[in-house]
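Please keep the sequence and the model at hand while reading.

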Amino acid sequence: TPSGFRSSIPTWLRMSSYFWEMTYNTNAQVPDSAGTATAFLCGVKTNEGTIGVSAATQRSQCSTAKGNEVTSILHWAKDAGKSVGIVTTTRVNHATPSAAYAHSAEREWYSDNEMSPEALRQGCKDIAYQLMHNIKDIEVIMGGGRKYMFPKNRTDVEYEMDEKSRGTRLDGLNLIDTWKSFKPKHKHSHYVWNRTELLTLDPHTVDYLLGLFEPGDLQYELNRNNVTDPSLSEMVEVAVKILSKNPKGFFLLVEGGRIDHGHHESKAKLALHETVEMDRAIEKAGAMTSLEDTLTIVTADHSHVFTFGGYTPRGNSIFGLAPMVSDTDNKPFTAILYGNGPGYKVIGGERENIYKVDYAHSNYQAQAAVPLRYETHGGEDVAVFAKGPMAHLLHGVHEQNYIAHVMGYAACVGANQDHCASASSAGGPSPGPLLLLLTLLPLGTLF
């Protein structure tokens with residue numbers, strides 16, 4: 001196609017079930033990713049900016065988190081003997097992945113360097129620390145966030161001259177060494193920091209894998225270094241190979257988190273190419289698992305104020321112009337626009353004439369109605385697609401936290417397992433040890 005995208009239907013649209021989820025946080029009409037991730041992973045709606053805690057926790061108030069922790073589907077699966085994994089294109093201690101393992105009154109407590117003195121005095125732990133200590137035997141962790149694992153000012157292995165890539169920890173801990181120390185001596189544990197190291201591993205001999213490929217978030221797919229940075233689909237392939245060795249099944253959280261970041265920057269081309277790579281990852285996972293024993297769920301935790309229109313004809317590049325000019329200012333406009341964001345530009349008292357800019361460039365910021373440094377999320381319901389065992393439970397319109405309970409019910413993990421015992425006593429197969437649970441979450445994708 002003119003845009004360079006495949007014209008085939010995305011993998012998730014071919015799934016058997018779908019429904020709509022209501023994404024609001026308990027204190028916000030338009031949600032943030034910390035509250036939404038807690039909802040779909042822990043089964044409990046909560047306040048914006050808080051992770052793995054109930055709505056009794058006030059954002060940034062360390063003391064309010066104690067006693068209000070909630071556990072996630074990853075925790076339930078691990079307790080049931082399944083293998084578990086996290087794969088993301090963001091930092092591994094970013095909002096969405098951290099809801100799988102952390103309990104924090106503040107999503108931005110990436111390391112102790114970002115925490116307030118009060119929170120440190122009250123004994124709260126940063127999210128990177130919790131990743132290594134809360135659930136010590138997560139089999140697969142892949143993404144970015146290397147700098148949060150090392151002591152303050154430790155030089156990064158890849159960007160030796162970049163001060164922003166240096167370690168951030170004030171406590172002097174090397175969390176990579178901590179991760180290694182928790183692994184049984186007779187198991188094969190591997191820490192890797194680049195694509196070459198990752199792809200030379202034999203997944204069949206790997207018991208635990210920690211891959212941190214950037215100091216912060218991973219590079220956008222369009223900017224990715226093919227030598228040092230793996231793609232999302234490559235990470236998913238390795239993760240599934242490692243996790244699927246467990247006969248009791250596995251849970252895998254996969255987040256295409258830079259979709260969200262591209263939209264926040266109003267760089268639609270970056271965001272949509274991330275979405276295409278997410279689709280490749282979903283397709284790869286589907287080819288490696290069975291529809292008979294694997295529940296796959298694809299969703300977004302929220303939308304963005306992102307739209308496209310202008311009566312464009314079929315075959316028009318998604319990054320191209322509408323076929324008419326504005327009947328108000330007589331200037332052209334692109335098919336893609338944002339409700340707010342950094343793409344708002346006024347030149348000489350008038351809207352920018354985009355004939356004079358390269359609107360097809362990867363870093364082009366689509367025009368917005370309201371000026372903001374960062375584009376915001378949207379508040380509308382978003383779609384959820386599913387296939388596999390119990391996918392029929394995902395229909396109609398539900399609260400976002402319903403998703404976690406469906407996953408737990410389907411996998412016979414967590415609190416509600418009465419139906420599993422009933423099936424077993426009746427002589428039928430118990431779905432618990434048979435189900436391989438794979439959750440794919442393209443953060444910020446619009447449907």
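Domain 1 and domain 2 bury about 820 Å² between them, with 52% of that area on carbon and sulfur atoms. Buried area here is the accessible area (1.4 Å probe) that two parts lose on being put together, summed over both. Ser266, Lys267 and Lys269 supply 57% of the area that domain 1 buries against domain 2, more than any other three residues.

The model is predicted: local features need pLDDT of at least 70 and side-chain atom pairs count only at pLDDT 80 or more, while totals for chains, interfaces and linings use all residues. Residues are numbered from 1 along each chain as its sequence is written, and side-chain values use heavy atoms, with hydrogens and water left out.

**The two domains**

The domain assignment gives domain 1 as 12-304 + 379-417 and domain 2 as 321-371; such bounds come from an automatic or database assignment. Taken over C-alpha atoms, the centres of domain 1 and domain 2 are separated by 35 Å. In the interface, 11 residues of domain 1 are in contact with 13 residues of domain 2, where contact means heavy atoms within 4.5 Å.

Helices (H or I, at least four residues) and strands (E, at least two) are DSSP runs, numbered from the N terminus.

**A helix pair**

The axes of helix H1 (residues 33-42) and helix H11 (residues 402-411) come within 5 Å and cross at roughly 25 degrees. Axes are lines fitted to C-alpha atoms, for helices over the stretch in contact, and angles run from 0 to 180 degrees between N-to-C directions. H1 and H11 are therefore roughly parallel to each other, a term for angles under 35 degrees. Ala39, Phe40, Leu41 and Cys42 of H1 make the contact with Ile403, Ala404 and Met407 of H11.

Tyr18 is found in strand E1 (residues 17-22), and His398 is in strand E18 (residues 397-399).

| Pair | Separation in sequence | C-alpha to C-alpha |
|---|---|---|
| His398 and Glu21 | 377 residues | 5.1 Å |
| Tyr18 and Leu394 | 376 residues | 5.9 Å |

Not counting residues up to four places away in sequence, His398 touches Phe19, Trp20, Glu21, Met22 and Leu393.

Note on methods: Angles under 35 degrees count as roughly parallel, over 145 as roughly antiparallel, 65 to 115 as roughly perpendicular and the rest as oblique.
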